[in-house]
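Please study the sequence and the model displayed here before reading further.

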Amino acid sequence: MEKAPPTKRPRYDAAFRAEAMRLASESRSTLAAARALNIDPKRLYAWQKAAQLPLPADPAEAAEVRALRAANKRLAQELDILKKAITIFSHPPTP
């Protein structure tokens, strides 16, 4: 029996990665962005993790950075919700 030739994994250039991460940050979720781009979500998560700055060596500073990142993420989600609410309520109801 012959083996099927190994499939090559697609290579993505830096511009595509940057655009994919931008889309993921602006999208509802990273998973939705990965589906839209037809790439593996794990790959996109790995790109995002690699793009993050490393945590400081001091445990107190590292905890503070984690807390600030979580707060930043929460505030960004709240801002998105408020933007959507503004668009919904700024349009008058149709009679």
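The paragraphs below treat the packing of helices and then a pocket. The model is a predicted one.

Two packed helices are described by the angle between their axes and the distance between the axes. Both quantities are given for each pair that follows.

The account begins with α1 and α2. The axes of α1 and α2, the latter formed by residues 30-37, come within 8 Å and cross at roughly 135°. Angles over 145 degrees count as roughly antiparallel and those from 65 to 115 as roughly perpendicular, so α1 is oblique to α2. The crossing in which α1 passes α2 is right-handed. On the side of α1, the contact is made by Phe16, Ala20, Leu23 and Ala24, while α2 contributes Thr30, Ala33 and Leu37. Sorted by class, this contact of α1 with α2 contains six nonpolar residues, one polar residue and no charged residue.

The next pair is α1 and α3. Their axes lie 10 Å apart, and the helices pack at an angle of about 95°. Because angles of 65 to 115 degrees count as roughly perpendicular, α1 and α3 are described as roughly perpendicular to each other. From α1, Phe16, Arg17, Ala20, Met21 and Ala24 meet Leu44, Trp47, Gln48 and Ala51 of α3. The contact of α1 with α3 comprises seven nonpolar residues, one polar and one charged.

The remaining pair to be described is α2 and α3. These helices pack at an angle of about 120°, and their axes are 9 Å apart. The angle therefore makes α2 oblique to α3. As α2 passes α3, the crossing is right-handed. Here Thr30, Leu31, Ala33 and Ala34 of α2 meet Pro41, Leu44, Tyr45 and Gln48 of α3. The contact of α2 with α3 divides into six nonpolar and two polar residues, with no charged residue.

Attention may now turn to the largest pocket. Its space amounts to about 780 Å³. Which residues lie nearest the centre of the largest pocket? They are Ala24, Ser25, Gln48, Lys73 and Ala76, out of 20 residues that line the pocket.

The lining draws on several helices. At least two lining residues come from each of α1 (14-26), α3 (41-51) and α4 (59-90). The helix that gives the most to the lining is α4, with nine residues. By class, the lining of the largest pocket holds six nonpolar, eight polar and six charged residues.

Methods: Residues numbered from 1 in each chain as written. Predicted model: local features only at pLDDT ≥ 70, side-chain atom pairs only at ≥ 80, totals over all residues. Heavy atoms only, no water. 1 Å grid on protein atoms, 1.4 Å probe; cavity = no way out; pocket = protein on both sides within 12 Å on 5 of 7 lines; lining within 4 Å. Points joined across faces, edges and corners; volume = space filled by probe spheres on them. Helix = DSSP H or I, 4+ residues; strand = E, 2+ residues; numbered from the N terminus. Nonpolar A, V, L, I, M, F, W, Y, C, P; charged D, E, K, R; others polar. Axes fitted to C-alpha atoms, helices over the stretch in contact; angles between N-to-C directions. Parallel < 35°, antiparallel > 145°, perpendicular 65-115°, else oblique. Left-handed = near helix turned anticlockwise from the far one by under 90°. Contact = heavy atoms within 4.5 Å.
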